[in-house]
Amino acid sequence: MTARGVLYVHSAPAALCPHVEWAVADVLGMSPRLEWAAQPAGGSTLRAECCWQAPPGTAARIARAMNGWRLLRFEVTEEPSAGCDGERYAYTPALGLFRTPMSANGDVLVGEGRLRALLAAADDSAELAAELERLLGTPWDQELEVYRHAGEGAPVRWLHQVG
């Protein structure tokens, strides 16, 4: 059984790029095709992305391999596969690692247990709203959005199967 996914390295210092490649190669068992380009939003940092195919759970292994690298910003996604939900991981130096299961159409899935714990712990509606935003990954999306716009010359990824 194979899963597919994409690794987006939104921002990495040049000195860290070989280490990213080595970490991903160790997880995938082969060298990834990362083409590094300037990241206009990150000063002298670089960006890259690569598609991968590997056993389910690979997104988690990639995220774990790069978790904690304080100068790196990345996202790694894994599409749903037989018997497995999709997943999305996002990492920023300020916020750390975020993980959420994803539906086939890309919606964030929040489990009943997490919602019940949130309802039990929230003291007021403002706190509830802030924690719901956190469960949805909004702070990570807000911080990464500027880095997602790669600038001129970025590769275009065409979607071949939609819906």
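This report describes the fold, the salt bridges, a charged surface patch and a few spatial contacts of the protein.

The structure is a predicted model, in which local features need pLDDT of at least 70 and side-chain atom pairs count only at pLDDT 80 or more, while totals for chains, interfaces and linings use all residues. Residues are numbered from 1 along each chain as its sequence is written, and side-chain values use heavy atoms, with hydrogens and water left out.

## Overall fold

The protein has five helices and six strands, where helices (H or I, at least four residues) and strands (E, at least two) are DSSP runs numbered from the N terminus. Read from the N terminus, these elements follow the order β-α-β-β-α-β-β-β-α-α-α. The radius of gyration of the protein is 17 Å, close to the 15 Å that the globule rule gives for 163 residues, so the protein is as compact as a globular protein of that length; the radius is taken over C-alpha atoms, and the rule is 2.2 Å times the number of residues to the power 0.38. The C-alpha trace spans about 45 × 40 × 30 Å along its principal axes.

Of the 163 residues, 39% count as buried. Buried here means under 20% relative accessible area, exposed means over 50%, and partly exposed lies in between (1.4 Å probe, protein chains only).

## Salt bridges

A salt bridge is taken as a side-chain nitrogen of Lys or Arg within 4 Å of a carboxyl oxygen of Asp or Glu, and by this rule the count comes to eleven. The table gives some of these pairs.

| Salt bridge | Closest N and O atoms |
|---|---|
| E87 with R99 | 2.7 Å |
| D141 with R88 | 2.6 Å |
| D141 with R148 | 2.8 Å |

In the salt bridge between E87 and R99, E87 lies in strand β5 (residues 86-92) and R99 in strand β6 (residues 96-102), so the pair ties together parts that are twelve residues apart in sequence. E87 counts as buried at 13% relative accessibility, whereas R99 counts as partly exposed at 37%.

The salt bridge between D141 and R88 links distant parts of the chain, with D141 in helix α5 (residues 138-148) and R88 in strand β5, 53 residues apart. Is R88 buried or exposed? R88 is buried, with a relative accessible area of 9%, while D141 is partly exposed, with a relative accessible area of 26%. D141 also forms a salt bridge with R148, a residue that is partly exposed at 27% relative accessible area.

## A negative patch on the surface

Which residues gather in a patch of negative charge on the surface? They are D123, D124, E127 and E131. Patches are made of residues with over 30% relative accessible area and no salt bridge, with like charges joined within 9 Å and nonpolar side chains (Val, Leu, Ile, Met, Phe, Trp, Tyr) within 5 Å. Within this group, D123 is found in the loop between α3 (112-121) and α4 (125-136), and D123 counts as exposed at 71% relative accessibility.

## Contacts between separate parts of the chain

P56 sits in the loop between β3 (46-54) and α2 (58-66) and counts as partly exposed at 23% relative accessibility.

G106 is placed in the loop between β6 and α3, where G106 counts as partly exposed at 38% relative accessibility.

V27 lies in helix α1 (residues 17-28) and counts as partly exposed at 23% relative accessibility.

Terms used. Accessible areas come from the Shrake-Rupley method with a 1.4 Å probe; for residues, only the protein chains shown count as cover. Lys and Arg count as positive and Asp and Glu as negative; His and the chain ends are not counted. The place of a charge is taken as NZ of Lys, CZ of Arg, CG of Asp or CD of Glu.
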